[in-house]
Amino acid sequence: MDFPRVVISKETLRPPAFEKDVQNIEFREDPLTGRRCRMNARRAERIRQSRTSSVPAELSQKKEGCPFCPENIDRAVPRFDPELYSGGRIRRGECWLFPNVFPLASYHVAATLCTAHFLDLHEFRVGMVADCLMAAREFLQAVRNYDTRARYPILLWNHLSPSAASMIHPHAQVLVDMRPTPYQDILLGSSRAYYDRTGRSFWNELVDEERRLGERYIGENESVVALASFAPQGNREVQVIFKDTSSLTDLDDRQIEDFAECVVRLLKAYKGMGVNSFNMSTFSGPMGETLGYYALHAKLISRPVLEPFYRNDTGILERFHGEADIDVMPEAFARRARESWER
Ligand SMILES: [Zn+2]
């Protein structure tokens, strides 16, 4: 498998003595999609003291009127149309799953992860994440029974405002549409083309190759493998790849629990690096189809630490040029995440 990269050296004359200073800029391409990123290896390798990442109390403790808190939720969140789901809301453990008040998809729900108004990254438990995924699976089943045209599901989880989450209270969202997002479309098309060209699944090859190389491999359990991405689109990007499934609707309880266990380990690793905000999204094949050339996977990226006057990590190169500007070398990140995983 090819991991395309080009490294260029740039000299600057740095004050105060204006001595020659050489820095490398590394340009990488994703081995499947060709999506590009660039990083300055020296910025990235710089050891930074993990700052304390406690979220300001005026945010984490100010819960008055939060519609997701247990004292409000029953009267504050919508109910399902009984034709889609007859039980009002889907409930499982601490999770409530219900229609999004301001939908942005053909079917769009929010799902609380816990009854606590705020949790830090190391406080999420496997059962919370698993219950939320099982509730999502039940919702997806209801959508399938109701509308066979809705085929492309996404489960996403934004945590704290640097990730663009609008609510502090931990929650995930599930969207289902008739057609895939542009990136999902590229993933499915490139995976299919890779299979047609080589007769093998890109995803199996990637996992084998990254296991062999070791430098971006983080860890695995029976159902999923966690890898740092070679050419990430965000800092500390991890791919959690299912070994045996192409669609979010096909997961059994064991796979969901293994996935949840992996995510909880990764959030603990993020916490150890001073991260407190992140995005997670699944990338699923269509519901009701088993694709041999595709693997269901999720990606997580860290977002800027929520603190007063934080700097946004998504700039002009990402917004207008489709090229990520990465601060953290994937191999350096994987090393630290692996230590945390093994602990
Ligand atoms: Zn709340």
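This is a predicted model: local features need pLDDT of at least 70, side-chain atom pairs count only at pLDDT 80 or more; totals for chains, interfaces and linings use all residues.
Which residues hold the zinc ion? Zinc is coordinated by Cys66 and Cys69 through their SG atoms, and by His117 and His169 through ND1, at 2.1 to 2.3 Å. What is the geometry of the four donor atoms? The angles they subtend around the zinc ion run from 102 to 119°, so the arrangement is tetrahedral. For reference, the ideal angle for four tetrahedral donors is 109.5 degrees.

If you'd like to find the donors in the sequence above, look for the spacing C-x2-C-x47-H-x51-H. Cysteine 66 sits in the loop between α2, residues 57–60, and α3, residues 73–76, while histidine 169 sits in the loop between β7, residues 152–159, and β8, residues 171–177; the pair therefore ties together parts that are 103 residues apart in sequence.

Is proline 70 buried, partly exposed or exposed? With a relative accessibility of 46%, proline 70 counts as partly exposed. Its C-alpha atom is separated by 17 Å from that of asparagine 100, which is 30 residues away along the chain.

Over in the β7–β8 loop we find alanine 165. Its relative accessible area is 12%, so alanine 165 is buried. Setting aside neighbours within four places in sequence, alanine 165 is in contact with Asn158, His159 and Leu160. Alanine 165 and phenylalanine 278 are 113 residues apart in sequence, and their C-alpha atoms are 9.4 Å apart in space.

On to the helices. Two packed helices are described by the angle between their axes and the distance between the axes. Take helix α4, residues 126–146, and helix α7, residues 253–272: they pack at an angle of about 135°, with their axes 8 Å apart. That angle makes α4 oblique to α7, and α4 passes α7 in a right-handed crossing. Who makes the contact? From α4 it is Val126, Val129, Ala130, Leu133, Met134 and Arg137, and from α7 it is Asp253, Ile256, Glu257, Phe259, Ala260, Glu261 and Val264.

Helix α7 has another partner, helix α9, residues 330–342, and here the axes come within 9 Å and cross at roughly 115°. This crossing, too, is right-handed. On the α7 side the contact uses Cys262, Arg265, Leu266, Lys268, Ala269, Tyr270 and Gly272, and on the α9 side Phe333, Arg336, Ala337, Ser340 and Trp341.

The peptide bond from proline 15 to proline 16 is cis, with omega near 10°. Proline 16 belongs to the loop between β1, residues 5–14, and β2, residues 19–29. Phenylalanine 18 lies in the loop between β1 and β2, and its phi is near 55°, a positive value in a residue other than glycine. Is phenylalanine 18 buried or exposed? Its relative accessible area is 53%, so phenylalanine 18 is exposed. Arginine 236 also has a positive phi, near 55°, and sits in the loop between β10, residues 224–228, and β11, residues 238–242.

Let me finish with a pair of buried residues. Histidine 297 is in strand β13, residues 297–303. At 0% relative accessibility, histidine 297 counts as buried. What does histidine 297 touch? Not counting residues up to four places away in sequence, its contacts are Leu187, Trp203, Gln239, Val240, Ile241, Ser281, Thr282 and Phe283.

Alanine 41 is in helix α1, residues 41–45. Its relative accessibility is 18%, so alanine 41 counts as buried. Leaving aside neighbours within four places in sequence, alanine 41 is in contact with Asn24 and Met329.

Key
Residues are numbered from 1 along each chain as its sequence is written. Side-chain values use heavy atoms; hydrogens and water are left out. Donors are N, O and S atoms within 2.8 Å of the metal (3.2 Å for Na, K and Ca); water is not among the atoms, so sites may look incomplete. Four donors count as tetrahedral if all angles lie between 85 and 135 degrees; four count as square planar and six as octahedral if opposite donors are over 155 degrees apart and all others between 65 and 115; anything else is irregular. Helices (H or I, at least four residues) and strands (E, at least two) are DSSP runs, numbered from the N terminus. Buried means under 20% relative accessible area, exposed over 50%, partly exposed in between (1.4 Å probe, protein chains only). Axes are lines fitted to C-alpha atoms, for helices over the stretch in contact, and angles run from 0 to 180 degrees between N-to-C directions. Angles under 35 degrees count as roughly parallel, over 145 as roughly antiparallel, 65 to 115 as roughly perpendicular and the rest as oblique. A crossing is left-handed if the near helix is turned anticlockwise from the far one by less than a right angle, and right-handed if clockwise. Contact means heavy atoms within 4.5 Å.
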